[in-house]
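This report describes a sheet, a helix pair and the nonpolar cores of one protein model. The sequence and structure are shown first.

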Amino acid sequence: MKTDKSNILALLRDSRDYVSGQQLCDQFGVSRTAVWKAINQLKEEGYRIDAVSHKGYRLLKSPDVLSRSEILSRLKTKWAGRQLFYLEETGSTNIDATRYAEEGEPHGTTVVAEKQNAGRGRRGKYWESPPGTAIYMTIMLKPDFAPDKASMLTLVMALSVAEAVTEATGLHAGIKWPNDVVVNKKKICGILTELNAEMDYIRHVVIGVGINVNNAAPEEFPEEIRQTATSLKIETGLSISRAALIERVLERFEHNYDTFVTTLDLRLLIEAYSRHLLNLNAEVNVLDPKGNYTGIARGISTTGELLVEAENGVMKTVYAGEVSVRGLYGYV
Ligand code: ATP
């Protein structure tokens, strides 16, 4: 639910000119004092708001804050992120989202944190999560389809992040199958999907997304990922509003998810996914616990597996669960 503060912020952001106090009162059905209080709170949070008597209020500058009101004031989605939890610091937003699911929060509930102390990746890997520069968010879903469909949601999210980053920066954001979003051959985003299910019934799914946004220099990443990790700021030289990017990711995800559920496979999304797929027709090294092999990636199946043409011409279907894919001479 939007608060008075986030409603007022949204209206100020959308109007170029001054908005009178009376207009704010009438529009949201609140008192003059409530408007005055909300404006003061926004100023304390770092917003620069000009107040002129007889004219009203005008927003001059927003800080890159990740408050609940900043995100809600931008949100245009129907269900994604409509129930929003914002945490200054947490262990992992996936764990928080799981708890909210168990407490009965609805489909689409989203958790955003400024800092994670135990950010996780696939198969016990970690996600480096410093404060103040990046996005750590998890969207929780309560779908009514069978558990075997859930792994495709990782690809739906990868597509949504790649689209949102491309829209927000003009950079071409690529996808390294299945779930890494890559700019200029380096990773800017990781996605971790976790499923809580019975044999034939999904209780809930959480999809965690970490995006490196305003990390200023490669030295800010730990040594072991400095060659493979980057941020949007490093690649563009510009700071990007994290709240605006969160809103775009949620908007793209809502659209792509609603498309996905019409067929319960990726047939309507495969073309868009393939436009971002960096591995397409590229040589890949499949790191499989049962034995590594190389081949040429020919795209994905409608259920999200990578199709790899092995050296003997046989087409192999690669399932995301156990393997990692690398370029032949580097990360992509
Ligand atoms: P990969 O193919 O890169 O190993 P994965 O899909 O198997 O990725 P993920 O869960 O997506 O695994 O990512 C975890 C890995 O990403 C870590 O092992 C680490 O190498 C790298 N990593 C951790 N934090 C970051 C970060 N903030 N930015 C970029 N890369 C990171």
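Which residue takes a positive phi in the hairpin of E12 and E13? In that hairpin, which has four residues between the strands, Gly-313 takes a positive phi near 90°.

## Basis of the model

The model is predicted: local features need pLDDT of at least 70, side-chain atom pairs count only at pLDDT 80 or more, and totals for chains, interfaces and linings use all residues. Residues are numbered from 1 along each chain as its sequence is written, and side-chain values use heavy atoms, with hydrogens and water left out.

Helices (H or I, at least four residues) and strands (E, at least two) are DSSP runs, numbered from the N terminus.

## The antiparallel sheet

Five strands form an open sheet in the order E13-E12-E11-E10-E14, with antiparallel pairing; two strands pair if DSSP finds at least two bridges between them. E13 and E14 (324-327) stand at the edges with a single partner strand each, so one side of each is left without a neighbour in the sheet. From one strand to the next, the twist averages 45°.

## Strand E12 and its partners

Strand E11 (residues 293-300) is joined to E12 by four bridges and runs antiparallel to it. Ile-296 has Glu-309 of E12 as its bridge partner, and Ala-297 has Val-308. Five residues lie between the strands in this hairpin, where Gly-304 takes a positive phi near 95°.

Four bridges also link E12 to strand E13 (residues 315-318), again in the antiparallel sense. The bridge partner of Glu-309 in E13 is Met-315. E12 (residues 306-310) has a covered face of Leu-306, Val-308 and Ala-310, whereas Leu-307 and Glu-309 form the uncovered one.

## Packing of H1 against H3

Helix H1 (residues 4-14) packs on helix H3 (residues 32-44) at an angle of about 75°, with the axes 10 Å apart. Axes are lines fitted to C-alpha atoms, for helices over the stretch in contact, and angles run from 0 to 180 degrees between N-to-C directions. In the contact (heavy atoms within 4.5 Å), Lys-5, Ile-8, Leu-9 and Leu-12 of H1 meet Val-35, Ala-38, Ile-39, Gln-41 and Leu-42 of H3.

## Nonpolar cores

A nonpolar core is a set of buried (under 20% relative accessible area, 1.4 Å probe, protein chains only) Ala, Val, Leu, Ile, Met, Phe, Trp, Tyr and Cys residues joined through side-chain atoms within 4.5 Å. The largest has 65 residues, and Ile-139, Met-157, Val-161, Trp-177, Ile-207, Ile-211 and Phe-253 have the most contacts inside it. Helix H6 (residues 152-169) gives the largest share of this core, 11 residues. A second, separate core of 16 residues includes Leu-9, Leu-11, Val-30 and Val-35.

Notes. Buried means under 20% relative accessible area, exposed over 50%, partly exposed in between (1.4 Å probe, protein chains only).
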